[in-house]
Amino acid sequence: MKALIDTILNPLLFWLNNLRDYLTNADVLPSYQLNFSRVFAPITALSPAWAMFVSNVMVMIFIYAVLFIVHNGKDSFAKFVQSIKFW
């Protein structure tokens, strides 16, 4: 029976051990900077007014997303508190 279980679980254990070894040996550069110039290059090709408009829209979308997440979290917390009060 032990041989059967080992046969089934050995690939998973091998993968998990390799993942652990990879993560323990991972190196991160201390001064790595994100380069967004390639992502936002089309925006810089626009006129300054259009570039400002696009950047303002992107900022508004980000703020809306953060507020949406906070609002939903608040509602979830309120439902959680109500369920505890019920007990």
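Predicted model: local features only at pLDDT ≥ 70, side-chain atom pairs only at ≥ 80, totals over all residues.
A residue counts as buried when its relative accessible area is under 20%, as exposed when that area is over 50%, and as partly exposed in between, with a 1.4 Å probe and protein chains only. Residues are numbered from 1 along each chain as its sequence is written, and side-chain values use heavy atoms, with hydrogens and water left out.

**Fold and confidence**

- The protein chain has 3 helices and 0 strands, where helices (H or I, at least four residues) and strands (E, at least two) are DSSP runs numbered from the N terminus.
- Read from the N terminus, the order of the elements is α-α-α.
- The mean pLDDT, which is the predictor's confidence in each residue on a scale from 0 to 100, is 82 for the protein chain, and 89% of its residues reach 70 or more.
- Confidence is lowest in helix α2 (residues 41-44), with a mean of 76, and highest in α3, with a mean of 86.

**Surface and nonpolar patch**

- The protein chain has an accessible surface of about 8600 Å², and carbon and sulfur atoms account for 73% of that surface; such areas come from the Shrake-Rupley method with a 1.4 Å probe, and for residues only the protein chains shown count as cover.
- A nonpolar patch on the surface, with about 1300 Å² of accessible area together, has among its members Met1, Leu4, Ile5, Trp15, Leu19 and Tyr22.
- Patches are made of residues with over 30% relative accessible area and no salt bridge, like charges being joined within 9 Å and nonpolar side chains (Val, Leu, Ile, Met, Phe, Trp, Tyr) within 5 Å.
- Leu19 lies in helix α1 (residues 2-24), and at 34% relative accessibility this residue counts as partly exposed.

**Salt bridges**

- Side chains of opposite charge can pair when their charged atoms come close.
- The whole structure contains 2 salt bridges, each being a side-chain nitrogen of Lys or Arg within 4 Å of a carboxyl oxygen of Asp or Glu.
- Lys2 is bridged to Asp6, with 3.1 Å between the closest N and O atoms, and the two are 4 residues apart in helix α1, so about one helical turn separates them.
- Arg20 is bridged to Asp21, with 3.6 Å between the closest N and O atoms, and Asp21 is partly exposed, with a relative accessible area of 36%.

**Aromatic pairs**

- The structure holds 2 aromatic pairs, a term for rings of Phe, Tyr and Trp (its six-membered ring) whose centres lie within 6.5 Å, with planes under 30 degrees apart called stacked, over 60 edge-to-face and the rest tilted.
- Trp50 and Phe53 form an edge-to-face pair, at 5.7 Å centre to centre and 90° between the planes.
- Trp50 and Phe53 are 3 residues apart in helix α3 (residues 48-86), so about one helical turn lies between them, and Phe53 is partly exposed at 47% relative accessibility.
- Tyr64 and Phe68 form a stacked pair because their ring centres are 6.3 Å apart and their planes stand at 25°.
- Tyr64 and Phe68 are 4 residues apart in helix α3, which again means a separation of about one helical turn, and Phe68 is partly exposed, with a relative accessible area of 45%.
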